[in-house]
Amino acid sequence: MGSENEFGDYLRARRAALAPAGVGLPGDGARRVPGLRRDEVALLAGVSTDYYMRLEQGRERHPSEQVLRAIAGALRLDDAATAHLFRLGLGVFGTVTATTTVAPELLRLMDGMRDVPAFVVGAAQDVLAANAMARELYRGFARYDNLLRMIFLDPVAREFYADWDHAARIAVGNLRASCSQFPQDGRIERVVGELSVRSPAFAGLWARYEVRPRTHEDKRFRHPRVGEMRLHFEALAVTSAPGQHLSVYSAEPGSAGADALVLLRRLSEREAEREAEREAEPETEPESEREAALTDGTDPAEEVPSAP
């Protein structure tokens with residue numbers, strides 16, 4: 001996003017991430033570049049070094065599917081990363097745009113999940129909707145609006161995520177996957193631009209070009225009131241709304257994580273009760289004429305009536 005030769009940038013980044021020993025090549029002491037050299041990738045892919053160099057430099061822009069498949073194998077790319085390589089190499093991008101409007105039916109389904117945190121995120125990792133449990137889970141953050149902004153710009157994140165480095169890397173890889181699917185999305189561009197300027201940690205991870213859609217994983221949180229929570233995460237694609245995912249946290253029955261969710265639900269219920277009480281409180285009556293005057297520093301009783 002924002003590069004004139006993103007295909008070449010992607011190849012260089014993935015080449016730099018591979019160690020020779022990881023692909024069966026002998027190490028030869030000091031190396032001028034991190035990871036593999038161009039000639040080593042070309043050897044593994046079965047193409048000439050000159051041809052591969054032209055691909056990286058952007059002088060060759062029409063690789064065949066066979067060549068792309070060979071390069072993906074040489075760079076040890078998984079399915080998601082290979083799909084991204086093909087999109088860049090073939091220049092084939094979908095015209096579907098990400099949507100940010102959450103359907104009422106999805107909101108009803110999410111709100112019905114009373115025992116687990118559930119929330120809907122968009123392609124740029126904006127939190128589009130959340131149930132009471134999810135709001136309670138992330139209550140310690142200054143704002144519960146965008147998962148990437150929370151991870152990289154809110155100091156609370158370093159304490160909340162038991163393994164912040166892992167959480168940060170997964171989040172950036174997930175955004176890369178969204179960027180691959182929606183390359184012209186303006187909201188993704190704004191999020192990347194802001195974080196690249198304000199967070200060196202984000203900028204460094206973004207430059208690695210790791211494409212990793214987040215679908216499921218086990219996570220550990222340190223909640224300020226519940227304590228440590230070990231939960232399982234699932235991201236369910238909303239097929240009727242491109243770019244949206246319903247994210248749900250759960251725990252094995254009888255586990256410490258399940259007990260933590262019970263406590264989290266109690267906290268969310270108490271917060272809902274307090275909110276209801278605040279809404280039910282009568283509005284403060286207007287000050288009397290004398291109270292208003294005293295506030296202004298005058299007393300109506302001392303005022304001299306004007307002449308008729």
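Colleague: Which residues does Asn 146 touch, not counting residues up to four places away in sequence?

Modeller: Asn 146 touches Ala 124, Gln 125, Asp 126, Val 127, Arg 187 and Val 191, leaving out residues up to four places away in sequence. Contact here means heavy atoms within 4.5 Å. This is a predicted model: local features need pLDDT of at least 70, side-chain atom pairs count only at pLDDT 80 or more, and totals for chains, interfaces and linings use all residues. Residues are numbered from 1 along each chain as its sequence is written, and side-chain values use heavy atoms, with hydrogens and water left out.

Colleague: Why is Asn 146 called buried?

Modeller: Its relative accessibility is 3%. Buried means under 20% relative accessible area, exposed means over 50%, and partly exposed lies in between (1.4 Å probe, protein chains only). At 3%, Asn 146 therefore counts as buried.

Colleague: What does the side chain of Asn 146 reach at 2.9 Å?

Modeller: The backbone oxygen of Ala 124. The side chain of Asn 146 also reaches the backbone nitrogen of Leu 148, at 3.0 Å. A polar contact is a pair of N or O atoms within 3.5 Å; within protein, one must be able to donate a hydrogen and the other to accept it, and residues adjacent in sequence count only if both atoms are side-chain atoms. Asn 146 itself is in the loop between helix H7 (132-137) and helix H8 (147-153). Helices (H or I, at least four residues) and strands (E, at least two) are DSSP runs, numbered from the N terminus.

Colleague: How many helices and strands are there in the protein?

Modeller: There are 14 helices and five strands. Of the 308 residues, 43% are buried.

Colleague: Why do Gln 125 and Tyr 209 count as buried?

Modeller: Gln 125 has 6% relative accessibility, so it counts as buried. Tyr 209 has 10%, so it counts as buried too.

Colleague: What makes Glu 6 and Arg 176 a salt bridge?

Modeller: A salt bridge is a side-chain nitrogen of Lys or Arg within 4 Å of a carboxyl oxygen of Asp or Glu. The side chains of Glu 6 and Arg 176 meet at 3.6 Å, N to O, so the pair meets that cut-off. By this rule the count comes to 25 salt bridges.

Colleague: Why does the pair of Glu 6 and Arg 176 tie together parts that lie apart in sequence?

Modeller: Glu 6 lies in helix H1 (residues 6-16) and Arg 176 in helix H10 (residues 164-181), so the pair ties together parts 170 residues apart in sequence. Glu 6 counts as buried, at 17% relative accessibility. Arg 176 counts as buried as well, at 2%.

Colleague: What makes Arg 222 and Glu 159 partly exposed?

Modeller: Arg 222 has 28% relative accessibility, so it counts as partly exposed. Glu 159 has 48%, so it is partly exposed too. Their side chains meet in a salt bridge, 3.2 Å from N to O.

Colleague: Where do Glu 275 and Arg 278 lie?

Modeller: Both are in helix H13 (residues 256-280), three residues apart, about one turn of the helix. Glu 275 is partly exposed at 34%. Arg 278 counts as partly exposed at 41%. Salt bridges that share partners join Glu 271, Arg 274, Glu 275 and Arg 278 into one network.

Colleague: Why is Leu 205 called buried?

Modeller: Leu 205 has 17% relative accessibility, so it counts as buried. Its place is in helix H12 (residues 200-206). Leu 205 touches Phe 152, Ala 168, Arg 169 and Val 172, not counting residues up to four places away in sequence. Leu 205 and Val 172 are 33 residues apart in sequence and 6.7 Å apart in space, C-alpha to C-alpha.
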